[in-house]
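These are my notebook entries on one protein model.

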Amino acid sequence: MRLRRAAVAISAATALTGLAAACGSGSSGTTGSSTAVPAQLTVWRMGSSTPQQVSWMSGVVTQFHKAYPAYAKTKIKVVFVPWGNRATDWTTAFSSGKNGPDVTELGNTDTPAQAHLGMLANDTVGSSVYAVPWFGGVRGIWYRKDQFAKAGISTPPASWPQLVADAKLLMKKFPGTWGLGAPSNYTNGIVSFIWGAGGQVATDQGGKWVAELNTPQSEAGIKFYADLYLTEHVSPKTYIGQTELGAPGATSGGSNEDFALGKLDMYVDGPWAKAEFPKNAVDSANWASFPIPEQGSGQSPAFAGGSDLAVWRLSKYPTAAWDLIKVMNSVPNSTSFANAQGFFPPYNSQLTGGAYSSNPLLSGFAKAATVTQISPLNSKNWGIADTTDAIIPTMMKALMQGANFTQTVDKANTALQNVLNTGKV
């Protein structure tokens, strides 16, 4: 299959400011020479090429050439792979042994599956390391400072009862708006409410995934989210069957657009959502955020999404590839890249103080990023469970449409456990 992608070739020279932690120079599990000097290294990036990203990568390459004189003449070819094509393109390149990358970006939920399939080099630094975090993002709750002030809300809610009460107060103060959006097809948002009640989606027990959607704690989180529509009436019926961006596959038209246009008072998403808002968004000077609260009082764990960087196992130049990753993932480079994209760097030291603390929008997300979870989203079959079979979205949609709670959750739990362990329902 022909790879569907756009390529950008970059070549340059300047100074390296730091190295990313957790990247070693070993190359066990790779097929190439650890000392060869490549004429070219190919980097696969996910998404679309933008001038900003090309400029950032150009700076990285100049640093790479300066820090590693042996690679001074090595050309860096950057290939942008659409997110929707990534699995097919990885499989095609790996099975054919041709046209693959030396370094590839992966979504952090992609990494376990690709490592399991043998596509990633095992760089051993005391243990097996198949990829390193590059940037991350978390979901929190967007709101408007001026609306909160006019409604008499002095501080963001820190518990579920407060969240619902504030949503209702905002709807009363601003007639015609909805208090808090709860799209049914929104696993990465829903899981925070499961975790916020002390539940888990599934746990790894002795090498076997055990689904836990039907524990009392998980059921409390699921019920709370469904009841935002069913009993509390702070989320509209239109969000049933939708993602946060509207109908599945849409890029706008859902809760994101409603918040941007002032029709929704509070909105669950990450800071990157700003780039997806329509151009006629209103009152942007008052946008702010706070972490998703937990059931009692405090901060619910947020799903830690983002991208990793890894060396392709079939690379002929694994050492050079790891050296390039070190430069891409240095503290300054990962921080500047993440900030430009509406994400956060993979260094906790960068999440407190500085630019984030003085920014009303980013400070809430930065606080959310200090308390995160990912399991079982690091299961090799999670993509099948969530994207292919849409187990949690299907469950939530049915609940919001009035299906029997116990039967619906039990059915989803059985399906989830089967898929996580076998890849099939």
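**Entry 1: a pair of strands and their sheet**

I began with W178, which stands opposite L264 in β12. The model is a predicted one. I then looked up the strands around this pair: β9 and β12 (residues 264–269) run parallel and are joined by two bridges. Both belong to an open sheet of four strands, in the order β9-β12-β8-β13 and with mixed pairing. At the edges I found β9 (178–180) and β13 (287–290), each of which pairs on one side only. Direction ignored, neighbouring strands of this sheet are turned by 30° against each other on average. I also noted helix α12 (residues 360–368), which packs on the sheet and touches β8 (140–144), β12 and β13. The direction of α12 makes about 15° with that of β13.

**Entry 2: A369**

Next I looked up A369, in the loop between α12 and β16 (372–373). Is A369 buried or exposed? Its relative accessible area is 14%, and buried means under 20%, so A369 is buried. Leaving aside residues up to four places away in sequence, I found that A369 touches V138, F344 and L351. A369 and G137 are 232 residues apart in sequence, yet their C-alpha atoms are 7.3 Å apart in space.

**Entry 3: strand β7**

I turned to β7 (residues 132–137), where five of the six residues are buried. Strand β7 pairs with β15 (residues 305–311) in the antiparallel sense, over five bridges. For V132, I recorded L309 as the bridge partner in β15.

**Entry 4: salt bridges**

- D110 and R86 meet at 2.7 Å, N to O. D110 lies in the loop between β4 (103–107) and α3 (111–116) and R86 in helix α2 (residues 86–96), so this pair ties together parts 24 residues apart in sequence. D110 is buried at 10% relative accessible area, whereas R86 is partly exposed at 23%.
- E232 and K168 also form a salt bridge, at 2.7 Å, N to O. E232 lies in the loop between α7 (216–230) and α8 (255–260) and K168 in helix α5 (residues 160–173), so parts 64 residues apart in sequence are tied together.
- D227 forms a salt bridge with K223. The two are about one helical turn apart, because they are four residues apart in helix α7. D227 counts as buried at 12% relative accessibility, and K223 as partly exposed at 43%.

Key. Residues numbered from 1 in each chain as written. Predicted model: local features only at pLDDT ≥ 70, side-chain atom pairs only at ≥ 80, totals over all residues. Heavy atoms only, no water. Pairing = 2+ DSSP bridges. Axes fitted to C-alpha atoms, helices over the stretch in contact; angles between N-to-C directions. Contact = heavy atoms within 4.5 Å. Buried < 20%, exposed > 50% of the residue type's maximum accessible area, 1.4 Å probe, protein only. Salt bridge = Lys/Arg side-chain N within 4 Å of Asp/Glu carboxyl O.
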